[in-house]
Amino acid sequence: MHNSARAGNRGGLNLTAILGTVRCTVWHVGMFDTFEPALPISCPWCGSVVTDDWQGKSGPCLLLHFRQGERHPVAHRVDEDVRFDPTRFEEFGLPDEFDLVGVCASGHFIQGVGRCRDGVWRETDISAAEEQAAGDAERERVRQVRKSLGY
Ligand SMILES: [Zn+2]
């Protein structure tokens, strides 16, 4: 897309890259949306229920709050002076598939994937985290066995 500009800047300053970095710093780092699954999700490592909101960066990244089963955000969690009027919520939605992260009370990070059907968030899949936790448990079991055998 910026081939000509990049070629012209070869060996020099790439202004597009610099501006891109600034833009990312200002608009994307630290910005996310919050997510509320329909049912409480238990941590695959310790079993405690994730009570805090999940967070993700695949959506609009405007600190909008999405609730599973709803097509549009249900809240905008920012200071009142910059908060969208709720009539604007219908301008925002989620991609068919999006990443989200929950943190349990013990501090485990749980990676999940949200999936939409017809633009409505329908599913929260943490099977990858469950497999990871199962792998961790298996490694720990092996470690304990080795320890008991004096390895
Ligand atoms: Zn946990």
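The structure is a predicted model, in which local features need a pLDDT of at least 70 and side-chain atom pairs count only at pLDDT 80 or more, while totals for chains, interfaces and linings use all residues. Residues are numbered from 1 along each chain as its sequence is written.

**Confidence**
- The mean pLDDT (the predictor's confidence in each residue, from 0 to 100) of the protein chain is 85, and 80% of its residues reach 70 or more.
- Over residues 1-28, however, the pLDDT is below 50, and beyond near neighbours in sequence this stretch has seven contacts in the model, a contact being two residues whose C-beta atoms, placed from the backbone, lie within 7 Å.
- Where pLDDT is low, the predicted coordinates should not be read in detail.

**Overall fold**
- The protein chain has three helices and seven strands, where helices (H or I, at least four residues) and strands (E, at least two) are DSSP runs numbered from the N terminus.
- From the N terminus on, these elements are arranged as α-α-β-β-β-β-β-β-β-α.
- Of the 151 residues, 17% count as buried, a residue being buried if 20 or more other C-beta atoms lie within 10 Å of its own, exposed if 12 or fewer, and partly exposed in between, with C-beta atoms placed from the backbone.

**Helix α3**
- Helix α3 covers residues 127-148, and its 22 residues should span 32 Å at 1.5 Å a residue, which agrees with the 31 Å between its end C-alpha atoms; the expected span is 1.5 Å times one less than the number of residues.
- α3 is hardly covered, since the count of buried residues among its 22 residues is one.

**Positive phi angles**
- Most residues other than glycine have a negative phi.
- Leu63, in the loop between β2 (54-56) and β3 (64-67), has a positive phi of about 60 degrees although it is not a glycine, and Leu63 is buried, with 20 other C-beta atoms within 10 Å.
- Asp118, in the loop between β6 (109-117) and β7 (120-125), has a positive phi of about 55 degrees and is not a glycine either, but Asp118 is exposed, with 7 other C-beta atoms within 10 Å.
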